[in-house]
Each structure stands twice: as structure tokens, then as C-alpha cells.
Amino acid sequence: MKRLLEIIPGFLSWFTLVAFFLLFIFRPIVTAVIMIIFLMYWVCRLCYMSVLLALAHHRVITKRNIPWLDMCQKISSKPVLDDIVHIVLYTIYKEPQEVLEESLKSIKESHYPKDKMVLVLAGEERESGSLGRLTSLKEKFDKDFKDILITIHPENIIGEIPAKGANATYAAKKTYEYLLAHKIPVENVIISCFDADTCVDKNYFSCLTYNFLKNPKRHQMSFQPFPVYSNNIYRAPSFARVMEMGSTFWQLIESMRYEKFITFSSHSMSFKTLVEVDYWPVELISDDSLIFWKCFLKYDGDYRTYPLEVPVFMDIAVGKNFFDTIRVQYKQKRRWAWGVENFAFVGEGFLRNNKIALYEKIKRLSQLLDNHVSWATWAIIITFITPLTLFWGNLILKDSLVLFNLSYINSIILNTSGFILILCVSISHVFIPPRPQGVSRFIYVQFVLQWLLIPFISAVLGSLPSLDAQTRLMLGKYLYFNATPKARRNGKK
Amino acid sequence: MKEETYFILRKFAFWMTSFVFIFLTPMIVFYSIGYKFDPASSKFLKTGLISIKTFPKGVNVLVNAQKTGETTPCVLRGLLPKKYTIVLEKEGFYSYEMQVYVRPSFVSEMDIVLVPREKNIEKLKFNFNVYRFFINKQFFGEKIVFFADKGIYILDADFKNIQKVSSMDLGNTLVNSLEGLKQYGNQLIFWNKKNIWMIEIPESDLDIMPDIIPLYETQGEIKEVFLGMKDRYLVVHAGLNIFALDVQNPLVVFPVFTLQSQEAKIFYDERTETLFVRDSVPLSESYSLYRIELVPIIQEKKEHEKIT
């Protein structure tokens with residue numbers, strides 16, 4: 001059954017593309033009609049997503065800077081602010097020291113009592129010198145926090161793959177021992193699992209704590225900040241900036257769809273829940289989303305992800321040069337798209353769970369399938385197959401009314417996309433950090449013009465990595481975890 | 001704004017876009033195929049369209065003598081299948097009328113160039129008696145070479161610049177007997193049935209006017225002249241002979257081919273330096289084609305000259 005579920009998304013994506021391709025060769029008129037329906041669907045969907053993006057943007061800018069800590073102090077029901085302990089877990093593998101230092105510095109500068117925060121630096125044994133590096137970090141920041149723990153995840157543990165989830169799980173288990181030893185009740189502990197480049201907003205922990213305290217179902221909820229990839233935005237190539245800003249926008253859009261919102265990348269949750277679901281998966285790559293599904297299955301569907309109103313700032317994946325950045329971006333997006341493995345995981349879980357309503361199961365699986373199949377196909381269809389259909393149609397059926405109207409509707413799509421691009425440009429402006437010295441003002445022109453790369457980028461760095469991931473999963477050629485290179489300060493690694 | 005308000009707005013956006021998709025898509029699909037509701041017959045009828053492009057743009061379109069309010073480029077949609085009279089009108093241009101048959105689910109295309117009523121007429125500002133002109137194609141546009149009572153001139157196609165080549169009046173009779181004109185570097189070569197002449201184009205009007213140099217004269221008839229062989233030779237078809245004439249040294253003339261028939265035709269391909277000849281086959285009444293590569297002949301000739 002697992003293999004069947006692994007095959008379905010890739011099969012559907014390939015079927016869609018091949019069917020379109022064959023149809024447009026042999027039945028161009030039928031293809032044109034299907035294309036018109038498809039393009040209408042995407043115009044409506046893009047408009048809907050633009051509304052969500054605008055709403056999410058409004059929600060963020062109006063709530064990001066409210067006095068979250070004061071609001072926490074006003075909550076009188078148990079547990080109260082003083083009861084809460086934060087575990088901040090950083091999974092670290094070969095990230096440069098300055099990247100880690102900036103991440104810890106952002107926590108140090110956040111508006112939250114540091115004596116309630118325990119940092120866990122989770123290194124890997126396969127990285128030589130890891131312990132020494134983390135020890136020097138600990139020495140530098142030790143006095144700023146309640147405690148700093150260092151864990152080194154052993155290599156080659158049976159049943160594990162070398163991935164972030166395995167490291168995070170090992171570190172979380174060690175942290176659990178620490179909490180027991182220090183008699184800290186786990187139900188009052190919030191764990192935040194961060195990538196090494198995650199720099200938090202100054203209000204992150206107070207906002208997180210407020211939402212944790214006020215919510216009665218706090219143990220059946222993950223907390224998801226929206227990731228803004230801007231730490232090295234002035235050093236990254238245009239296409240990489242657009243790509244990552246697109247990821248931020250996607251998270252913002254998803255954050256408005258509460259009922260289908262799931263965890264992604266850096267996120268926070270109740271430590272008690274983490275222990276109850278037996279931590280992050282250690283044998284799968286997409287640990288960030290799978291932890292949500294583990295909790296969802298554990299609580300029989302009564303589990304959700306709350307979209308936090310504050311951001312975390314992360315690095316844009318860059319390589320040594322332009323072409324290397326394309327390679328790095330492609331691999332990163334392929335790893336994200338590997339989240340398609342969730343479909344098989346969730347499908348299997350739903351088969352075992354009889355308490356979740358059938359409607360809910362079908363809805364969730366359809367959403368997962370729709371997300372991944374759309375991701376792998378729509379940009380290829382719009383960027384390549386639609387112009388090919390028009391070209392081919394003009395060659396063989398120049399005077400066909402349907403093909404004439406298809407090109408007309410296609411131009412409407414482009415105009416709609418233009419409107420959405422203007423929206424993206426204006427919203428992206430909010431997330432751009434101040435221009436550092438030595439960077440020309442001309443870069444702001446680039447920040448606007450870069451959005452014109454969207455059609456190319458969405459097909460090449462959007463759909464293709466996703467199609468690649470789905471094909472690998474379909475053929476049983478499983479992906480291994482690739483740590484994304486992080487670079488800051490003049491591109492130094 | 002409260003979370004509930006975001007939720008309500010989101011739901012509203014969802015249902016609005018869903019509504020638009022569900023209700024608008026079938027209508028657009030049917031409309032794209034060509035269906036249109038006809039209130040008169042209360043039926044859906046299949047229609048076609050006419051796409052009109054014109055040069056210049058902004059032309060008013062009349063269908064069956066009725067103004068449509070459309071200006072070109074435009075598309076006339078939802079037309080029932082039948083014959084339509086399309087009239088295109090624009091001030092300053094002749095009206096254009098055309099019958100167009102509209103077929104169901106098909107596009108009838110019109111791509112029309114309108115002819116202006118008023119022409120922009122410009123007279124040469126000098127009072128010359130112009131006998132004859134030739135168009136001389138050059139890399140950066142065309143030049144007009146004309147022969148007049150005041151001499152030979154080169155004029156830009158836009159009449160902006162004029163350059164005097166010679167003050168000599170060749171006379172109306174001689175000029176009208178000219179068969180062709182070619183430019184070789186800064187020299188003009190022109191010919192009639194008996195003679196070939198050459199004249200150097202002066203650098204400016206202030207230079208001393210050069211003489212017209214006779215290059216070749218024949219008692220027979222010059223039929224065709226080509227400039228070829230690295231632009232160094234004139235390939236001349238005169239009578240039954242084809243010969244090459246060195247432009248820089250008109251005394252050097254050497255035969256290329258001897259024709260069998262007065263009816264023979266030649267063509268010289270300057271790109272491949274090849275001469276094509278249609279000529280009668282010896283001892284036969286039929287004609288054949290001959291292909292002659294001239295570059296090797298010239299090389300042989302030069303080597304021969306060196307030896308001698």
C-alpha cells in the first residue's frame with residue numbers, strides 16, 4: 001500500500017503533462033478547450049491567492065509589533081508566563097560560525113526573559129570539530145540564557161537516515177532528560193526547532209508564548225512563524241531572491257488557510273506533545289511537515305497549526321557562483337518538494353486510524369495531492385505547453401475560433417499575472433532589511449525588475465524540482481538529505 | 001482586525017472566486033467555441049468572428065453599412081454564419097470595401113493596407129530637364145542616378161542630397177538608348193547596345209569634373225552586362241561572344257565563351273562567380289544549359305600574363 005501511495009502523485013503529474021502533450025498534438029481543439037478551463041481555473045485561483053496574500057500581509061503588519069509580552073503578563077489562568085520555559089533547538093551541520101552567532105544574537109536581543117530560555121545546540125558527529133565549535137559558542141552566550149546544552153548526534157544509528165529530523169530527535173530526547181533532571185514540567189515547555197540560520201523577530205517568543213497561553217488546546221497545536229528569506233538578500237542573485245520571496249509569500253498565503261496549514265521549516269510546539277508523538281521522524285527527510293501529521297494522527301484529526309503573526313528571518317540558499325546557486329536552489333526546492341512523501345505517510349496513517357472522519361481523510365489527502373500535483377505541473381503547462389499549443393494550432397488550424405480565443409484568454413492570464421506581480425513587489429518591500437553600506441541604491445531597481453523572472457523561475461525552479469522529487473519517489477529512488485549551504489557577509493561560507 | 005474577520009473575508013473571497021469559476025467558465029468555453037444566444041429564435045447559435053488589421057491603424061469599421069464603433073485592429077465577435085460587407089473608412093484614405101463570409105467556429109482574417117487620397121508630392125528643386133533615371137541599390141539604401149541636360153547626378157532616395165557626377169549633356173537620344181547602369185566602387189558604368197562607358201564619381205562637387213571614358217565599342221550588339229569576378233571584370237554578352245573586360249584596364253579583354261546561337265541567354269551569379277548559359281547544342285536544334293565557373297579562367301589568364 002505504501003508503494004502505491006508513493007506512486008500516485010508522480011503518476012498523476014506525469015499523466016497530466018503527457019496527456020496534455022499528446023492531446024495538443026492529436027486533438028488541438030480539445031486541448032484548447034481544456035486549456036481555457038485550466039487557465040480560467042488558474043486566473044480564479046491566482047486572484048484568490050492574491051486576496052489571501054493581501055489579508056496575510058495586513059494581519060502581519062498590524063499585529064507584528066503589538067506588545068505581546070504585556071499581553072502575556074495579563075493572562076492569569078494557569079499556566080502563567082513565569083511557568084513557561086522555552087527550549088530553542090538549533091540543528092547544526094557545517095553552517096559557518098558567523099551564521100550561528102547571528103542566530104543566537106537575535107534570540108539574545110528578543111523581547112523575552114532569557115532566564116526562561118534553554119538553548120540546545122544540536123551538532124552532528126559526522127561533522128569533524130563540531131563539539132569544539134559548539135563549545136566556543138556556548139562559552140560566548142552561556143551567561144545570556146538559562147542554560148545552553150550541546151548534543152552531538154552519533155553517526156550511523158540503525159533505523160535513522162542522516163537528516164535534520166534524526167539530529168533534532170536525538171537532541172530533544174537529551175533535552176527531555178535535562179528537563180526531568182531539573183524537574184521542569186514538560187507541559188509548560190515550548191520547543192522551537194530552528195534551522196541554524198534562523199534569526200527570530202524580537203517579538204517571536206512573546207507572541208509565541210501569548211498564543212500558547214491563551215489557547216486551551218495548546219498541546220494540540222503547532223506554531224508556525226512565516227519565514228522571510230532575507231538575511232543575505234543583498235548578496236543573493238535576483239532569481240534566488242524571487243524564488244525565496246515566493247516561498248515567503250506561499251507561507252503567508254497558506255497561513256490564511258487555517259484548516260490546511262501545516263508546519264514548515266522552523267516551527268514551535270508543546271514539548272509534551274513532541275514527547276507523546278515520539279519526536280520528529282528519524283527515517284524520513286521532510287521532518288518539519290511530518291511532525292504535524294504525526295500529531296494529527298495521534299490526536300485523531302484534532303490538531304492544527306497556528307500561524308504566528310511574527311516572522312523568522314532565514315538565509316537565501318546561494319552557491320559559489322550564479323550557476324552553483326541555480327544548482328543549490330534546485331536541490332533545496334527538490335528537498336522541499338520531497339514533502340510529497342507525506343502523502344504516503346498520511347495515507348497509511350489514515351488507513352490505520354478509524355477515529356478520523358472519512359470526509360476529513362479524503363479532504364486532507366486531496367489537499368496534499370492537489371498541492372503537489374499543481375506544484376509539479378501548472379507552471380510547466382502555462383510556461384511551455386500553452387505557447388506550444390498556440391504555436392502548433394496556428395500552424396495547422398490557423399482560422400480556428402477556439403485557438404484564437406485561447407490566445408486571447410492567455411493574454412488575460414498574463415495581465416492578471418502583471419497585477420499580481422505589482423502586489424508582490426509592494427508586499428515584498430516590507431520584508432527587505434535596511435540596505436547595508438557598500439551596496440548601491442540601484443539594487444532597489446533590481447528588486448522590482450527581478451519579478452519579471454517569475455515565469456521562467458516558476459517553471460525551472462518551481463515545477464521541475466517538484467516533478468523530479470515525485471518521479472524519484474514514484475520509482476523508489478529515495479532522496480538523501482542535502483544540507484543547504486548558508487552564506488553571509490560578502491558571500492563567505 | 002479580529003481573526004474571525006480574516007476568516008470571513010477569506011471565505012468570501014473563496015466563494016466569490018469559486019462562483020466566478022463555476023458560472024463564468026462554462027460561458028467562456030461556449031463563447032470560445034462560438035456559441036451565442038439568439039434572443040430572436042431563443043436558441044444557441046454557432047457564430048464566427050472577423051479579425052481586422054489595417055495599415056494604418058485606427059480605421060473605422062462598418063458592417064453591412066452599419067457603424068460598429070470599432071477601430072482597427074479589432075475583432076468582430078458573435079457573427080452569425082453568412083456573408084458580410086465590411087467597409088473600412090479613414091479620413092484621408094480611400095474607403096475599402098470587402099465581402100467576407102463568416103463560417104461557424106472559424107476566424108475570417110482581413111489584413112488591409114489603405115491607399116491615401118492625398119499623396120505627398122515633392123519635385124526636384126532644380127530646374128533640370130531629366131532624360132532618364134536608374135535606381136542604384138546600395139548597402140545603406142538606394143540612390144537615384146539620373147541623366148539631365150545639366151549633366152549626370154546621384155540623388156538620395158529621399159531627395160535630400162544631390163551630387164554632381166558630370167557636367168556633360170549626353171543628349172536625350174543617347175541617354176534613352178542606355179540599356180543599364182552599374183556602380184563599381186566610385187565609378188559608374190553604363191552601356192547601350194553599341195558602347196560601354198565609365199565615369200568616376202568625384203569626391204565632391206568642387207572636384208574637377210571627370211571625363212566619360214569609353215570602355216568598349218562593338219559593331220554587333222551588347223545584350224547583357226554583369227559586374228563580376230571579384231568586382232574586377234565586366235562580363236559582357238555581345239553578339240555570339242561572352243568576354244570579360246578588366247574595369248581598371250579596359251585594354252585587357254579576353255574571351256570566356258563563344259555562343260552558337262543569337263537567341264542564347266546568359267546569367268551571371270555574382271555570389272558564386274558562376275556563369276549560366278542557355279545556348280543551342282552544336283549540330284542540333286535543341287538548347288541546353290551550360291555552367292561556367294569564371295574564377296579559375298581569370299587565374300589561368302593572370303598566370304599566362306605573368307609568363308608572357
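Biologist: What share of the contacts in chain A between residues at least 6 apart in sequence joins residues at least 24 apart?
Modeller: It's 83%. A contact here means heavy atoms within 4.5 Å.

Biologist: And what am I looking at, before we go on?
Modeller: It's a predicted model, where local features need pLDDT of at least 70 and side-chain atom pairs count only at pLDDT 80 or more, while totals for chains, interfaces and linings use all residues. Residues are numbered from 1 along each chain as its sequence is written, chains are lettered from A and ligands numbered from 1 in the order in which they are written, and side-chain values use heavy atoms, leaving out hydrogens and water.

Biologist: How many helices and strands does chain A have, then?
Modeller: Chain A has 16 helices and eight strands. Both are DSSP runs numbered from the N terminus: helices are H or I with at least four residues, strands are E with at least two.

Biologist: Why is chain A called as compact as a globular protein of its length?
Modeller: Set the value against the rule, which is 2.2 Å times the number of residues to the power 0.38, with the radius of gyration taken over C-alpha atoms. For 493 residues the rule gives 23 Å, and the radius of gyration of chain A is 23 Å, so the chain is as compact as a globular protein of that length.

Biologist: What percentage of chain A counts as buried?
Modeller: That's 59% of its 493 residues. Buried means under 20% relative accessible area, exposed means over 50%, and partly exposed is in between (1.4 Å probe, protein chains only).

Biologist: What makes S5(A) and S8(A) a pair?
Modeller: Two strands pair if DSSP finds at least two bridges between them. S5(A) and S8(A), which run antiparallel, have two bridges, so they pair. In one of them, Val200(A) has Val312(A) as its bridge partner.

Biologist: Why are strands S3 and S5 of chain A said to stand at the edges?
Modeller: The sheet is open, with eight strands in the order S3-S2-S1-S4-S7-S6-S8-S5 and mixed pairing. S3 (147-153) and S5 (199-200) of chain A each have a single partner strand, so one side of each has no neighbour in the sheet. Helix H2 (residues 28-63) of chain A packs on this sheet, touching S6(A) and S8(A). The direction of H2(A) makes about 70 degrees with that of S8(A); axes are lines fitted to C-alpha atoms, for helices over the stretch in contact, and angles run from 0 to 180 degrees between N-to-C directions.

Biologist: How much area is buried between chain A and chain B?
Modeller: About 2,500 Å², with 68% from carbon and sulfur atoms. Buried area is the accessible area (1.4 Å probe) that two parts lose on being put together, summed over both, so the value covers both chains. The contact takes 30 residues from chain A and 30 from chain B. Tyr48(A), Asp399(A) and Leu401(A) supply 25% of what chain A buries against chain B, more than any other three residues.
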